[in-house]
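Please look over the sequence and the structure shown below before reading on. The briefing that follows takes up surface charges, a nonpolar core and a helix in turn.

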Amino acid sequence: MKKQLSHSTKYIDVKIKKYQENAKHGLYTNTDYKELLYQRLDKRIAEQSYDWIINSLCDLFFEYAGCGDIRMQLDADRAAAKESYYIAALIGVLCYEMIEKGFSHHVLDSGYPFDFKKNNFSFSKAAILANEYELALKITGTDTVEGALVSHDYPLACALLPKSPEDDSIGTDEIQQCMWAIAYADEKLFNKYLEKRIKMLRRYAPISPTTFDSWGLTAIKLAQQRGIQCNLNVIELPYHLLDDNRIETSGLTFPKTAQIRSIIDEKESQIKG
């Protein structure tokens, strides 16, 4: 009989305990660091260092998205988490608009320029977890696997994916394999690849334990919309916290939106001549 994954591990438990201790002293939301990121963005805007603005937006995106993860995990506070995810999504949309308009950047991945289109799930997951699918599509586009799944266009997702989930192009990427299973409505394979991902994350736990897998949780969200259930009971994937409710967003804004849009509009005017 196959041995089930344990709910948690000693490495994860130790890290969560540390998070909880820090939370008691208000240390898990680093307002000083966030303020530093805003100051850096202001400086780059003022100096017209536009090739560095995307980097600043990425930094702020991951700060807000990370705050959403912490609020979801430690507080089990869906509304507070969605507020952070929503603002992260607003930043992500601006980032992708700048990429689309041809702004250069210095974002790297293993020493190479970061492929924003290929790695759109790193940004669109915040919008998906906030149930803001229109924002998600502004990041994914409609011509990607992620965009097809968000749009429930499963035939398109199948067409964009390889014929087999074990294909060399995705065989080492458990999230892509999960997406393959969602596209083809294969619950058994979905759980197989999600379990494979958790095992992979836990192999690195002695060095850097993952306590909350937002990538996996977002894949579960997309799977649920396909009628696929997650059968894993692991601490990294608290999918009982997922719901379909949107929060009130009228008072939520990214304070630099107008300035960034002005820069984008100026670039668009230059392109048009």
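Does glutamate 47 count as buried, partly exposed or exposed? At 48% relative accessibility, glutamate 47 counts as partly exposed, where buried means under 20% relative accessible area, exposed means over 50%, and partly exposed lies in between (1.4 Å probe, protein chains only).

This is a predicted model, in which local features need pLDDT of at least 70 and side-chain atom pairs count only at pLDDT 80 or more, while totals for chains, interfaces and linings use all residues. Residues are numbered from 1 along each chain as its sequence is written, and side-chain values use heavy atoms, with hydrogens and water left out.

**Salt bridges**

- The structure holds 13 salt bridges, a salt bridge being a side-chain nitrogen of Lys or Arg within 4 Å of a carboxyl oxygen of Asp or Glu.
- One of them joins the side chains of glutamate 47 and lysine 43, at 2.8 Å from N to O, and lysine 43, with 49% relative accessibility, counts as partly exposed.
- Another brings together the side chains of arginine 78 and aspartate 243, at 3.4 Å from N to O. Because arginine 78 lies in helix α4 and aspartate 243 in the loop between α11 (214–225) and α12 (257–272), the pair ties together parts that are 165 residues apart in sequence; helices (H or I, at least four residues) and strands (E, at least two) are DSSP runs, numbered from the N terminus.
- Within that pair, arginine 78 is partly exposed at a relative accessible area of 32%, whereas aspartate 243 counts as buried at 19%.
- Lysine 101 forms a salt bridge with glutamate 268, the closest N and O atoms being 3.1 Å apart. This pair links distant parts of the chain, with lysine 101 in the loop between α4 and β1 (108–109) and glutamate 268 in helix α12, 167 residues apart.
- Lysine 101 counts as partly exposed at 23% relative accessibility, and glutamate 268 counts as partly exposed at 27%.
- Salt bridges that share partners join Arg78, Lys82 and Asp243 into one network.

**Nonpolar core**

- The largest nonpolar core has 82 residues, and those with the most contacts inside it are Leu57, Phe116, Leu149, Phe190, Phe254 and Ile260; such a core is a set of buried Ala, Val, Leu, Ile, Met, Phe, Trp, Tyr and Cys residues joined through side-chain atoms within 4.5 Å.
- Helix α4 (residues 78–100) supplies the largest share of this core, 13 residues.
- Leaving aside neighbours within four places in sequence, isoleucine 260 is in contact (heavy atoms within 4.5 Å) with Leu41, Ile45, Ile53, Leu57, Leu94 and Met98.

**Helix α12**

- Ile260, Ile263 and Ile264 are buried in α12. They cover an arc of only 95° around the axis, which puts them on the same side of α12; the arc is that of the directions from the helix axis to the C-beta atoms.
- What covers the buried residues of α12 includes α2 (31–46), α3 (53–75) and α4, while the face turned away from the buried side carries the exposed residues Ala258 and Lys272.

**Arginine 202**

- Arginine 202 is found in helix α10 (residues 187–203) and counts as buried at 14% relative accessibility.
- Its side chain makes a polar contact with the side chain of glutamate 236 at 2.8 Å, a polar contact being a pair of N or O atoms within 3.5 Å; within protein, one must be able to donate a hydrogen and the other to accept it, and residues adjacent in sequence count only if both atoms are side-chain atoms.
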